[in-house]
Amino acid sequence: MSISEFIKKIEGEIEELTPGTLKPDTKYRTMEGWSSMHALIIVALVDTDYNVTITGEDLRSCQTITDLFNIIKSRV
Amino acid sequence: MAFLSLNNVSVKGISACVPKNVESNLDYDWISLQERELLIKTTGIKYRRIASSDVCTSDMCYESAIALLNEAKIDRKDIEILIFVSQSPDYFLPATSIILQDRLQLPKTTMAFDIQLGCSGYVYGLSIISNLMSTGKFKKGLLLVGDKSSFSQSKKDKSTYPIFGDAGTATLLEYNEDADKMDFNLQSDGSGYKSIMITDGGTRNPYNSESEKMVEIEPGIIKSAKNLVLDGLEVFNFSLREVVPNINGLLNYSNTTLDDYDYFVFHQANKLITETIRKKLKLAPEKIPYSLYDYGNTSSASIPLTIVTQMGELVKNNSFTILLSAFGVGLSWASARIKISNIVCPKLIEI
């Protein structure tokens with residue numbers, strides 16, 4: 001798995017995102033229009049595609065897409 | 001392991017009642033229009049039915065029971081057991097089921113009691129009433145299940161207010177030696193009790209001067225200790241972790257496979273949860289009815305309400321093997337294999 005694939009998957013699930021705008025160092029939680037619904041969509045995606053559980057604690061400890069990706073990678 | 005296999009009991013009919021008053025999540029102006037649209041798309045919930053202050057869960061269950069008994073042409077004195085499953089009773093005490101026994105004009109020989117469960121309540125209730133009836137001591141029974149979730153919600157809590165709707169249902173069961181067996185898998189995990197909770201008003205934290213104080217928990221969530229708390233992410237992860245193994249346990253116990261079922265009726269939590277579970281089980285979308293769009297998450301009423309509103313015409317004239325799966329507050333979860341054949345199913349009642 002690579003971070004670019006992960007980003008593509010997120011962009012595929014979240015329609016509000018313009019493809020290409022999400023970068024590894026994007027601080028996703030401070031993006032305009034970011035909502036707790038988006039967090040749930042990402043948690044569902046990670047569960048379905050990587051079989052990894054992301055907790056509330058994980059989400060609070062992450063700033064960027066890379067942070068999130070590293071958590072997933074460590075649990076796959 | 002709480003696996004049960006019960007013989008001699010069949011579901012004779014199912015009915016449901018909702019308040020007339022419709023609220024649309026598109027009008028929920030506590031959040032921005034963009035957030036409302038995202039919420040509707042993600043949760044699958046557009047409308048919810050909200051009871052007025054003078055309508056309780058028991059009133060909706062009462063109307064459901066009357067319609068069902070009339071349409072099934074059942075003499076009320078033949079009902080020998082009544083169970084009410086709810087987390088929104090009329091009073092702290094006495095039990096609402098007993099008040100309903102009298103109100104429904106059931107005989108004093110009727111056994112009546114309440115079960116305090118939420119999202120998992122329909123499957124639990126069905127297992128308990130069927131277990132009692134399978135001995136043949138009770139020939140006809142009523143299972144009344146529902147909640148007035150709006151009672152405990154803060155309108156300024158975006159994590160709960162746009163999710164829940166009110167509903168009350170009735171299921172009529174009959175002793176029948178030709179009935180197909182029902183199978184159940186029932187589970188609990190109290191370590192997650194804080195995930196869905198009303199903290200004040202019980203004996204642990206009686207109402208006090210602080211109970212009504214509105215506090216901002218996070219942006220978009222202002223609530224008091226009398227209001228429902230829902231940790232959406234925790235509940236989401238619990239559902240994704242536990243529901244599929246629970247269903248697999250049931251399949252194994254009942255010696256069935258997913259292909260043996262005509263429909264899968266899930267507790268209507270939200271669409272993202274159910275769709276994720278559906279994909280894990282690789283089930284075809286047409287096998288999963290939803291009532292979420294029109295009624296929201298109706299707690300313990302969600303399974304019978306979904307059957308009445310989405311399958312009402314079908315279940316009257318067909319025989320189906322159905323898998324029921326319910327999960328939530330407690331944490332408590334359960335699944336069941338039941339067969340329903342040509343059941344009585346009155347049109348949805350609105351009060």
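View 1. Start with B:V265, whose bridge partner in β15(B) is B:L324. Strands β14(B) and β15 (residues 319-328) of chain B run parallel and are joined by four bridges. Here strands are DSSP E runs of at least two residues, helices are H or I runs of at least four, and both are numbered from the N terminus; two strands count as paired if DSSP finds at least two bridges between them. This is a predicted model, in which local features need pLDDT of at least 70, side-chain atom pairs count only at pLDDT 80 or more, and totals for chains, interfaces and linings use all residues. Residues are numbered from 1 along each chain as its sequence is written, while chains are lettered from A and ligands numbered from 1 in the order in which they are written.

**View 2. The whole of that open sheet in chain B.** Its five strands come in the order β1-β9-β16-β15-β14, with mixed pairing. From one strand to the next, the twist averages 20° (axes are lines fitted to C-alpha atoms, for helices over the stretch in contact, and angles run from 0 to 180 degrees between N-to-C directions). Along β14(B), B:Y263 and B:V265 point one way and B:F264 and B:F266 the other, and all are buried (20 or more other C-beta atoms within 10 Å of the residue's own; 12 or fewer is exposed, in between is partly exposed, and C-beta atoms are placed from the backbone).

**View 3. Helix α4(B) across the strands.** Helix α4 (residues 121-133) of chain B lies across β1, β9 (182-188), β15 and β16 (332-341) of chain B, at about 60° to β16(B). It's mostly covered, with 11 of the 13 residues of α4(B) buried; among them are B:Y122, B:L126 and B:M133. From first C-alpha to last, α4(B) reaches 18 Å, close to the 18 Å expected at 1.5 Å a residue (the expected span is 1.5 Å times one less than the number of residues).

**View 4. The six-stranded sheet of chain B.** This open sheet runs β6-β5-β7-β8-β2-β17, again with mixed pairing. Strands β6 (111-115) and β17 (349-350) of chain B stand at the edges with a single partner each, so one side of each has no neighbour in the sheet. Two bridges join β17(B) to strand β2 (residues 9-18) of chain B, and these strands run parallel; the bridge partner of B:C17 in β17(B) is B:I349. Helix α2 (residues 57-71) of chain B packs on the sheet, touching β2, β5 (81-85), β7 (140-147), β8 (167-175) and β17 of chain B, and makes about 40° with β8(B).

**View 5. Where chain A meets chain B.** The contact takes 14 residues from chain A and 15 from chain B, with contact meaning C-beta atoms, placed from the backbone, within 7 Å. On the chain A side, helix α2 (residues 36-50) of chain A gives the most, with nine residues. The predictor gives the complex an ipTM of 0.88 and a pTM of 0.96.

Terms used
Contact = placed C-beta atoms within 7 Å.
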